[in-house]
Every structure is written in structure tokens, then in C-alpha cells.
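User: I'm new to this one. Could you take a close look at the salt bridges and walk me through them?

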Amino acid sequence: IWTGVVDALLLGWLSSMLIYAWVVRPLKSARDQNSLFNSVVSNLSVGVVVTAPQDGELRITAVNQAFSHITGYAPEEVIGRHPRFMQGDDTGQPALQKTKNAIQHGDADRALVRNYRKDGTPFWNNLHLSPVRNVKGEVVNWVGLIEDVTEQEGLRTRSDLLQRAVEQGDESVCVFDAQGIIEAVNPSYCHAVGVADESELVGKSSWLWWDDTDPATEEAMTS
């Protein structure tokens, strides 16, 4: 009798250990990992949008706090909607067709698109789009990272305008370092000193191309 009782107790203990090892601990680990993942996503500085196919279209199922901060939309205002609403009437952007093609083929994509906040103001979105697949390789979700690069694009645009103004202007422009070594010149400067292009000037001393008989040049060289 006692042998049977001991065997039953051992079997019960062993079963409990197996259930803990194979069921409880993995679930607890998954729950902890999921909690950590949610915490990381919630605190990202870029917006995160998760979509899933519903009724033949992609519908938003989750967004993080950064998404709301960037776009002005609360989660409850966007859940269930297709992300295209952020395009407004600006649907003719070539980058959007590129993104659409990537989704149709199940490919990851990166594109610079113009989106619109809740208040109607536009912003440049450096969009990263990635598919999430199940064990069968089927796409079950899409994850979009929304990065507001409006300020950077504004600086780049102003820089491009300035560069074009310098390159196309009639005034001679020569950029050199503290030692007088030429770093960049515009076409007008090349024409003024009688060279074909900047390759003949860059890396050389700017003093070689200045008129040393000019009092202002002599003063600049000796100061």
C-alpha cells in the first residue's frame, strides 16, 4: 500500500514539474517577453503602425504613442481604418505606387512620402514597411515605422536651393580652409581664373589664383 502511495505521489510531483516546465514557465516567459516588447514599442520615438488584412484591405490594428504624437490621431480614431487616410488628397505621389507594389508582392519597402496630420498640416514620412509572416510563410501583418523627417527635408531643400544659386550665379565663389586650400568653387570662379572646371583648383592653394598686385589681396595674404 505504501509503495503505491509513494508511486502516486512521485507521479503527481513529476506531472506537476512537467506541466510547469512545459506549460507554465514558457507562458510566463512569453508574457514577460511580450510585456518587454510592448514597453519598447511604446517608448520608441518613431511611430509604429500594425495592420492586418480584413475584408480585402489592410486595416490598422495597433499604433504606439509616437504615432499619436506625430500625426495627432488617438489610437481609437485610427483602429480599423486603412492607413491611406494619412495621404489626404495627395495620392499621386510616385513613392505611394512603389509602396503599393511592395505590399502586393509581400516585400519590405522604404519610401519618403508626404502624409498629413489630423490638423491638415503636411509632414515628410520616412516610411519603413515590413511584412510579418506565419510559420507557413504567409503574410499575416504589416508593420510600418513612421519617422517624421520634415525638418531634415526642409534643410536639404534649402541647401539644394543655395547650391543651385551658387552654381548658376554670376558671382565668383571660392571656398577654402584656414590654410587657404581650395575646397570648392563655382563655374563663375573657374571662368574668372581661366580653368575648365573645379578639378583643376580643388586641393590647391587659393593664393595662387589671386592677383598679388592688388593691394586688397596683398593685405589679405599678410593679415
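Analyst: One cut-off first: a residue counts as buried under 20% relative accessible area, exposed over 50%, and partly exposed in between. Keep in mind that this is a predicted model. Glu 57 has a relative accessible area of 27%, so this residue is partly exposed. Its partner is Arg 84: the two side chains meet in a salt bridge, 3.1 Å from N to O. That pair links distant parts of the chain, with Glu 57 in strand S2 (residues 57-63) and Arg 84 in the loop between helix H3 (75-78) and helix H4 (94-105), 27 residues apart. Arg 84 is partly exposed too, at 40% relative accessibility.

Now for Glu 77 and Lys 118, whose side chains form a salt bridge at 2.6 Å, N to O. Here again distant parts are linked: Glu 77 sits in helix H3, Lys 118 in the loop between strand S3 (109-116) and strand S4 (122-133), and 41 residues separate them. Glu 77 comes out as partly exposed at 29%, and Lys 118 is partly exposed at 46%.

Next, Arg 117 pairs up with Asp 148, their closest N and O atoms being 3.2 Å apart. Asp 148 is partly exposed, with a relative accessible area of 29%.

As for the total, the count comes to 6 salt bridges.

How values were computed:
Residues numbered from 1 in each chain as written. Predicted model: local features only at pLDDT ≥ 70, side-chain atom pairs only at ≥ 80, totals over all residues. Heavy atoms only, no water. Salt bridge = Lys/Arg side-chain N within 4 Å of Asp/Glu carboxyl O. Helix = DSSP H or I, 4+ residues; strand = E, 2+ residues; numbered from the N terminus. Buried < 20%, exposed > 50% of the residue type's maximum accessible area, 1.4 Å probe, protein only.
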